[in-house]
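Please view the sequence and the model together before reading the points below.

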Amino acid sequence: MQSTTRVALDAMGGDNAPAEVVKGAVDAVNKRDDIKIFLVGQKESVERELSQYTYPDGQIEIVDAPEVIEMAEPPVVAIRRKKQSSIVVGMNMVKNKEADAFVSAGSSGAVLVGGQVIVGRIKGIQRPPLAPLIPTERGVSLLIDCGANVDARAEHLVQFAKMGSIYMEHVVGVKNPKVALVNIGAEEEKGNALVKETMPLLRECTDINFVGSIEARDIPKGDADVIVCEAFTGNVILKLYEGLSSTLIGVIKKGLMSTLKSKIGAALALPALKNTLKSFDATEYGGAPLLGLNGLVVKTHGSSKAKEITNSVFQCVTFKEKEINDKIKEYIINKPAD
């Protein structure tokens with residue numbers, strides 16, 4: 001019997017809520033019948049958007065959450081005070097097993113705090129990291145951590161490496177994924193204190209395929225499948241990646257439209273060009289899961305449009321089907337230390 005994945009979706013989170021969030025939810029259930037989406041947000045606003053669409057009966061339900069946590073609010077204070085906000089209500093649904101996952105394009109800080117305080121960490125996990133998939137020349141790599149733990153310690157990065165390896169193998173399907181530590185050079189003596197402390201610990205791990213250091217310039221080449229770093233470095237890499245990608249696409253389009261000859265060439269090359277550019281579109285890969293929690297929490301971009309919301313919902317289905325949390329418990333918590 002086909003299992004249904006229940007996703008609580010923050011209808012009020014992000015720059016384009018609730019319109020794009022609702023559209024993304026509708027697109028998801030119209031493409032798959034194994035999904036149930038709870039649109040968590042201000043009932044009247046969500047109903048107004050939802051009334052524009054046709055979708056299968058029973059696959060979308062509105063859960064009223066009259067409060068909204070704004071981007072500029074202090075996360076801890078907001079989570080504590082706004083008990084009826086879409087983020088708090090949605091995360092409590094995961095905590096109470098009423099939903100399998102929570103997806104939000106809202107306040108990153110509130111999502112991170114709520115994930116740890118409300119959903120809670122798996123026993124033995126010290127710091128849950130945010131782990132988005134990023135496009136590379138060879139497919140995708142997992143960047144872990146990209147925003148949750150700025151002041152991580154060496155033992156945290158070791159757990160990131162193990163969780164990232166599990167995710168890439170079982171969700172993305174990469175066998176024996178190559179794990180690398182972000183550094184400023186390939187030599188062992190290079191790096192800051194955190195890198196130098198983490199390197200020997202990762203080399204001692206027999207349950208991951210650690211290949212050593214990776215420089216930022218080699219990340220887009222796909223030289224490693226799991227890119228390990230603390231959140232400050234990871235966030236800089238991610239933002240530069242996104243900004244450079246969008247800039248290059250814009251420059252290429254402008255160049256192709258600059259002359260009559262280039263326009264003719266662009267028309268001939270358009271199908272191949274679209275496929276190439278699509279592979280470097282971050283929205284194709286969904287959001288960033290907060291790994292190591294007792295339930296799945298996914299953070300999408302604040303500027304997410306419907307496509308990224310839809311793909312984030314699909315991401316939740318794969319996460320559940322592959323039993324990633326159970327695998328994290330088995331391979332990290334119950335496995336004897338190396």
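The model is predicted: local features need pLDDT of at least 70, side-chain atom pairs count only at pLDDT 80 or more, and totals for chains, interfaces and linings use all residues. Residues are numbered from 1 along each chain as its sequence is written, and side-chain values use heavy atoms, with hydrogens and water left out.

**Aromatic rings**

- Rings of Phe, Tyr and Trp (its six-membered ring) count as a pair if their centres lie within 6.5 Å; planes under 30 degrees apart are called stacked, over 60 edge-to-face, and the rest tilted.
- By this rule there is one aromatic pair.
- Tyr167 and Phe319 form the pair, which is tilted, with 6.3 Å from centre to centre and 45° between the planes.
- Tyr167 belongs to helix 6 (residues 154-172) and Phe319 to helix 10 (residues 306-321), so the pair ties together parts that lie 152 residues apart in sequence. Helices here are DSSP runs of H or I with at least four residues, strands are runs of E with at least two, and both are numbered from the N terminus.
- Tyr167 is buried at 1% relative accessibility, and Phe319 is buried at 6%. Buried means under 20% relative accessible area, exposed means over 50%, and partly exposed lies in between (1.4 Å probe, protein chains only).

**A charge over a ring**

- The charged end of Arg32 sits over the ring of Phe314, at 5.6 Å from the ring centre. The term requires NZ of Lys or CZ of Arg within 6 Å of the ring centre and within 35 degrees of the ring normal.

**Salt bridges**

- A salt bridge is a side-chain nitrogen of Lys or Arg within 4 Å of a carboxyl oxygen of Asp or Glu. The structure holds 12 salt bridges.
- Lys82 and Glu73 form one of them, their closest N and O atoms being 2.7 Å apart. Glu73 is partly exposed, with a relative accessible area of 21%.
- Asp223 and Arg138 form another, with 3.7 Å between the closest N and O atoms. This pair links distant parts of the chain, 85 residues apart: Asp223 is in the loop between strand 8 (209-214) and strand 9 (226-228), and Arg138 is in the loop between strand 5 (133-136) and strand 6 (139-144).
- Asp223 is partly exposed at 28% relative accessibility, whereas Arg138 is exposed at 59%.
- Arg217 and Glu215 also meet in a salt bridge (3.5 Å, N to O), and Arg217 is exposed at 61%.
- A network of salt bridges links Arg6, Asp100 and Lys320.
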